[in-house]
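Me: Could we go through this model together? I'd like to start at the ligand and then turn to the helices.

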Amino acid sequence: MNYEKVLIGISGSIGAVEIHSYLTEIQNRFNCSINIIMTESAKRIVNPDSLKYFIDGYIFENMFDANSDFKIPHVHLPNWADVLIILPATANIIGKIANGIADDLLSTTAMAAACPVVIVPNTNEHMYNRQAVQRNIQALKEDSYIFIEPEGEGVQLSTKKKIKGAMPSPKELVSQLEGMILHA
Ligand SMILES: Cc1cc2nc3c(=O)[nH]c(=O)nc-3n(C[C@H](O)[C@H](O)[C@H](O)COP(=O)(O)O)c2cc1C
């Protein structure tokens, strides 16, 4: 098994400024096709136009952003994908998915997905430790959503400090994805 078709959901975390490195690492390892969904906040943090040079697929910016390959994006994108990876995942998108809220393309797609959904949180440490966020993470784990987090602590982009809640590096993320494939 391999991930040949990867759907990446980018939410509005500061970690999105590094998404180019993650896209390159995932593509190099899996030699996969990539489509992207971006939330409104993600588009304020990283310019969608800059991402199209890193992938062979499309960038979907809202629920009605259809094209001839994906006429109903929240249905047809997860049907196409081997895996949906929410990278980076905000506290907000985690909360929405955990509570059944489907009010934008990314949350609706996560809800409609039959493929595995991998969530890669990136929040500051206080946010991550909030009971509400921890409750939502726990609920999603019980609902079979897969979380990828660094071994121990990750590096916070703005301070370079090691904190809980930061994303794994691109290499660590890909090696954890490989581990998932091996154990599937
Ligand atoms: C510059 C900036 C950086 C942010 N970084 C984060 C972050 O790393 N993690 C997080 O959970 N929220 C972060 N936020 C807050 C989210 O953008 C906000 O909660 C938003 O509603 C998330 O929407 P989304 O989940 O639809 O993308 C940040 C906001 C700004 C303005």
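Me: By class, how many nonpolar, polar and charged residues does the shell around the ligand have?

Reply: The shell has 5 nonpolar, 10 polar and no charged residues, where Ala, Val, Leu, Ile, Met, Phe, Trp, Tyr, Cys and Pro count as nonpolar, Asp, Glu, Lys and Arg as charged, and the others, Gly among them, as polar. Please keep in mind that this is a predicted model, in which local features need pLDDT of at least 70 and side-chain atom pairs count only at pLDDT 80 or more, while totals for chains, interfaces and linings use all residues. Residues are numbered from 1 along each chain as its sequence is written.

Me: And which residues are closest to the ligand?

Reply: Of the 15 residues that surround the ligand, the closest are Ser-11, Gly-12, Ser-13, Thr-39 and Thr-90, a residue being counted if its C-beta atom, placed from the backbone, lies within 6 Å. Helix H2 (40–45) and helix H5 (91–98) each give two or more residues to this shell, helices being DSSP runs of H or I with at least four residues, numbered from the N terminus.

Me: Which one gives the most?

Reply: H5 does, with 3 residues.

Me: New topic: which residues of H6 are buried?

Reply: Leu-105, Leu-106, Ser-107, Thr-108, Thr-109 and Ala-110 are buried, that is, 20 or more other C-beta atoms lie within 10 Å of their own, with C-beta atoms placed from the backbone. Because 6 of the 8 residues of H6 (residues 105–112) are buried, this helix is largely enclosed by the rest of the structure.

Me: At what angle do H4 and H6 pack?

Reply: Helix H4 (residues 73–80) and H6 pack at about 55 degrees, with their axes 9 Å apart.

Key. Buried ≥ 20, exposed ≤ 12 C-beta atoms within 10 Å, placed from the backbone. Axes fitted to C-alpha atoms, helices over the stretch in contact; angles between N-to-C directions.
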